[in-house]
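Please open the model in your viewer, with residue selection and distance display at hand, and follow the stops below in order.

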Amino acid sequence: MTVPESSTMDTLVVGRSARMRAVFEFLRVIGNSESTVLITGESGTGKEVTATLIHEQSRRRHRPFVAVSCALFSETLIESELFGHERGAFTGAIKDRPGRFEMADGGTIFLDDIDDVPLAMQVKLLRVLQNRTIERLGGVRPVPVNVRVIVGTKRDLKQLVADGAFREDLYYRLNVLPVTLPPLRERPEDINDLMDHFLSRYFRRRGEAVPAISESVKEAFKRYSWPGNVRELENACERMAQTCTCGTIRVGCVAASILFKAAAAAPVLTVPLSATPLPAMTPEPPGGVPAISLDERLRELESTLISWALKMSNGNKSKAAALLGVKRSTLGDRINRCGIAAPA
Amino acid sequence: MVSRLQVQAVLDRVRPFLLADGGDIELLAVDGNSATVRLTGACANCPSAHMTLHVGIETALREEMPDFEILRTPGATS
C-alpha cells in the first residue's frame with residue numbers, strides 16, 4: 001500500500017504493516033491541519049520524507065518547504081541560520097540575510113534534530129512559536145512569519161525533558177500532533193515491499209526490467225536487523241541494482257556483512273495463514289478456510305529454532321541449550337521428539 | 001595456525017543462504033593461516049558477486065580469527 005496517491009510517488013513512505021498503516025491514517029487525518037507536528041523516529045526511518053508528505057498534502061503545498069537540520073550548526077550559527085541577520089550584526093555580516101523561517105514564509109519549515117538544539121536557543125524557538133514573529137540577529141523590529149512548523153527528533157523528547165536537557169514548555173508547544181515512525185526491525189513485513197519499491201526505482205531510472213529477487217536474499221533481508229533503517233535498506237538496494245549482472249538478485253549481490261548478521265539472527269517466524277494446507281491438515285474444513293494443526297505448527301517452530309541454535313553452536317548441545325534458555329537435558333528430549341539430527 | 005574446523009564454522013554460517021540460491025562454498029584446503037575455497041553456482045560466475053563474497057567471507061574469517069591471512073579462490077580473478 002502506498003498512500004496517499006496524490007503525492008509524488010518517488011518520495012513516499014512504503015508499508016503495509018499495521019504500524020505504518022496507522023501512521024498513514026494519522027497523516028491523512030491531519031492533512032488539513034495547521035498545527036505543529038512532532039515526528040519521532042530513529043535515524044533512517046523517514047522523518048524528512050514524512051515531513052515532505054505532510055507539506056505536500058497541506059494547503060501550503062504551493063508555498064516553500066524548507067528543511068533544516070539543527071545538528072548542522074553551532075550554537076551561535078543556528079540563530080542566524082534560522083532567523084537571519086542584519087548587516088553589521090557581527091563581523092562578516094556584510095549584508096542583510098533572511099533566515100530559514102523567512103524563506104519558508106507561507107509554507108512549512110522542517111526543523112530536524114530538534115533534540116540537538118541548545119537550551120538557550122530553545123527559549124528563542126518557544127517565543128517564535130508563541131508569537132509567530134522572528135527577530136533577525138542585530139535587528140530591532142519583529143518580523144511576522146506565517147510558517148507551519150514540523151520538527152523531527154531521534155530521541156524521545158519526553159525523556160530529554162525528564163533529564164533536564166529539553167525545555168518542558170517548548171516540548172508541549174511542539175508535541176501537538178505526534179507522529180512516531182517505527183524502526184524497520186519492528187515491521188519486517190514491509191521489507192519486501194520496500195525492496196520492490198527501491199529496486200524498481202533504480203532499474204526504471206536506467207530503463208531496464210526489474211530483475212527477480214531470490215528467496216534467499218529475501219530471507220536474509222528479513223532476518224537482518226537494519227540498524228540504519230530504511231536508509232540502509234535503500235543503499236543496499238542501490239548496491240544490488242548496480243552490481244547485479246545475471247538478471248536475478250542473488251546472495252552474491254548482498255554485502256556479506258548483512259549475510260553474516262542475518263545468519264546469526266534467529267529465523268523470522270511467520271505463520272503462513274494463507275498458505276496451502278500441509279498434508280497433515282484436515283482436508284475439508286468447515287467454512288472453506290483450511291484448518292491448521294496447532295501441534296503440528298508448534299512442532300515445526302520448535303524444530304526450526306532448535307536447528308538454528310544447534311547451527312549457531314556448531315552442534316554443541318550445551319551451548320545450544322543456553323542459547324534457547326532451556327536445560328541441556330530438556331533440549332535432548334526435545335531433539336528426540338522433533339527427530340532432529342545434530343549437524344555433522 | 002587456524003584450524004579447519006574454525007574456518008568451516010564461519011563458512012557454515014552463510015552456507016544456508018548460498019545453498020538456497022543454488023550455490024555453495026566448499027573448503028578445499030587450510031594451510032598455515034590461509035584457506036582455499038571454491039565457490040559454485042550463479043554467483044561464482046558473476047565477477048562482482050564473486051568479489052563481494054570473497055572479500056566479505058575473508059573479512060568474517062579475520063574477525064573470527066585475528067591471525068587469518070588470505071582466502072584463496074582458485075580459477076577466479078580476485
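Select A:Ile340 and leave aside its neighbours within four places in sequence; the residues then in contact with A:Ile340 are A:Ser303, A:Ile306, A:Ser307 and A:Ile335. Bear in mind that this is a predicted model. A:Ile340 sits in the segment after helix 14 (328-338) of chain A.

Next, colour chain A by its division into domain 1 (9-182), domain 2 (186-264) and domain 3 (286-338). With the centres taken over C-alpha atoms, domain 1 of chain A and domain 3 of chain A are separated by 50 Å.

Now select strand 5 (residues 108-112) of chain A, which is mostly covered, five of its five residues being buried. Turn the view to follow the side chains: A:Thr108, A:Phe110 and A:Asp112 point one way from strand 5 of chain A, while A:Ile109 and A:Leu111 point the other way. Such an arrangement can be read against a general rule, that side chains in a regular strand alternate between the two faces of the sheet.

Strand 2 (residues 65-69) of chain A pairs with strand 5 of chain A in the parallel sense over five bridges, and here A:Ala67 stands opposite A:Phe110. Strand 8 (residues 148-153) of chain A also pairs with strand 5 of chain A in the parallel sense, over four bridges, and in this pairing A:Thr108 stands opposite A:Arg148.

For the last stop, show both chains and select the contact between them, to which chain B gives 20 residues and chain A gives 19 residues. On the side of chain B that touches chain A, helix 1 (4-20), helix 2 (42-45) and helix 3 (47-64) of chain B each supply at least two residues, and the largest share, nine residues, comes from helix 3 of chain B.

Definitions and conventions. Residues numbered from 1 in each chain as written. Chains lettered and ligands numbered in written order. Predicted model: local features only at pLDDT ≥ 70, side-chain atom pairs only at ≥ 80, totals over all residues. Contact = placed C-beta atoms within 7 Å. Domains from an automatic or database assignment. Buried ≥ 20, exposed ≤ 12 C-beta atoms within 10 Å, placed from the backbone. Pairing = 2+ DSSP bridges.
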